Amino acid sequence: MFVFARACRVNTRVFNCGNSSTTCANLLQGQKRVIIPTESGRLDSTTKHVGGTTYSKPAHQSTATTEKPRIILRTMSTPTTTPEERAEAAAMRNSKNSDLHDKSSPFAFVQALEPVKIDEGTFKYVLIQAEGQSGPKYFVRGVAGVEYHMDAARPTVEALETANVTYSVLGGGRIKHNPAAKEIFIYGYSCGFPWQGSCLHHISVDVCKTKYPDYKITWSADGY
């Protein structure tokens, strides 16, 4: 029997199977298979593809009467953030400097800050808005290899906070940056910094064009 759950717009399917004493994780066509073991037995499984979804089922059942392990199938897009990590991102989201009276120095800092800092490949990114002298300034930050969006935001956020700049992390997603093809694709969303309304990838596109004017830069609200 399958049990269906929702986690940040992603389906999780759970079913019981025979036996396992070790934990293993396999990648199956963009999905993650996680086997949660009990204390006895061994799991041998077969794989079945139905309607584009991969299911793992036991090749044979153990006759043991102990509690059966569960196999949980999650898509690779299942968010990895915990409630504590999302709370940390929420605390980082907005500056604590909005009540400053002398902002001449912060404005100069914002003006000198590089608008775009992104790596090559596919990675998480954030869009940051800071208060400039003549209006809001936007900054795109994407770092390859970071686990959470707040890790991509942290260096710039800490610099803005130190310079007494009023800022807000508007949201995020992912960037696919291909320098050889001169292409940038911006898509998806962030669980730590969810968009407050419609996504603003189009602003990120405009910011990236200031650094990569000869690139083809596109965006989509889909994906994770």
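**Labels and their criteria**

Biologist: Why is Lys 211 called partly exposed?

Modeller: Buried means under 20% relative accessible area, exposed over 50%, and partly exposed in between, with a 1.4 Å probe and protein chains only; Lys 211 has a relative accessibility of 37% and therefore counts as partly exposed. This is a predicted model, in which local features need pLDDT of at least 70 and side-chain atom pairs count only at pLDDT 80 or more, while totals for chains, interfaces and linings use all residues. Residues are numbered from 1 along each chain as its sequence is written, and side-chain values use heavy atoms, with hydrogens and water left out.

Biologist: What makes Lys 211 and Glu 114 a salt bridge?

Modeller: A salt bridge is a side-chain nitrogen of Lys or Arg within 4 Å of a carboxyl oxygen of Asp or Glu, and the side chains of Lys 211 and Glu 114 meet at 3.1 Å, N to O. This pair links distant parts of the chain, since Lys 211 lies in helix α4 and Glu 114 in the loop between α2 (104–112) and β8, 97 residues apart. Glu 114 has a relative accessible area of 34%, so this residue is partly exposed. Helices (H or I, at least four residues) and strands (E, at least two) are DSSP runs, numbered from the N terminus.

Biologist: Where do Asp 151 and Arg 154 lie, and how many residues apart are they?

Modeller: Both lie in helix α3 (residues 149–162), three residues apart, about one turn of the helix. Asp 151 forms a salt bridge with Arg 154, the closest N and O atoms being 3.4 Å apart. Asp 151 counts as partly exposed because its relative accessibility is 26%, and Arg 154 counts as partly exposed because its value is 24%.

Biologist: How do you know that Arg 174 has no salt bridge?

Modeller: Arg 174 is buried, and the nearest side chain of opposite charge, Glu 147, is 10 Å away; Lys and Arg count as positive and Asp and Glu as negative, while His and the chain ends are not counted. The side chain of Arg 174, a residue of strand β11 (residues 167–178), does reach the backbone oxygen of Tyr 224 at 3.0 Å. Contact means heavy atoms within 4.5 Å, and by that criterion Arg 174 touches Phe 123, Lys 124, Tyr 125, Phe 185, Ile 186, Tyr 187 and Tyr 224, not counting residues up to four places away in sequence.

Biologist: Why is Tyr 189 called buried?

Modeller: Tyr 189 has a relative accessible area of 10%, so this residue counts as buried. Tyr 189 is found in the loop between β12 (183–187) and α4 (201–211), and its C-alpha is 5.8 Å from that of Tyr 224, although the two are 35 residues apart in sequence.

Biologist: How do you know that β11 pairs with β9 and with β12?

Modeller: Two strands pair if DSSP finds at least two bridges between them. Strand β9 (residues 121–132) and β11 pair in the antiparallel sense over ten bridges, with Val 126 opposite Gly 172, while five bridges join β11 to β12, again antiparallel. Five bridges also join β12 to β13, which run parallel, and there Phe 185 stands opposite Thr 218.

Biologist: Which elements do the buried residues of α4 pack against?

Modeller: They pack against β8 (116–118), β9, β10, β11, β12 and β13 (216–220), and these buried residues are His 201, Ile 203, Ser 204, Val 205, Val 207 and Cys 208.

Key
A polar contact is a pair of N or O atoms within 3.5 Å; within protein, one must be able to donate a hydrogen and the other to accept it, and residues adjacent in sequence count only if both atoms are side-chain atoms.
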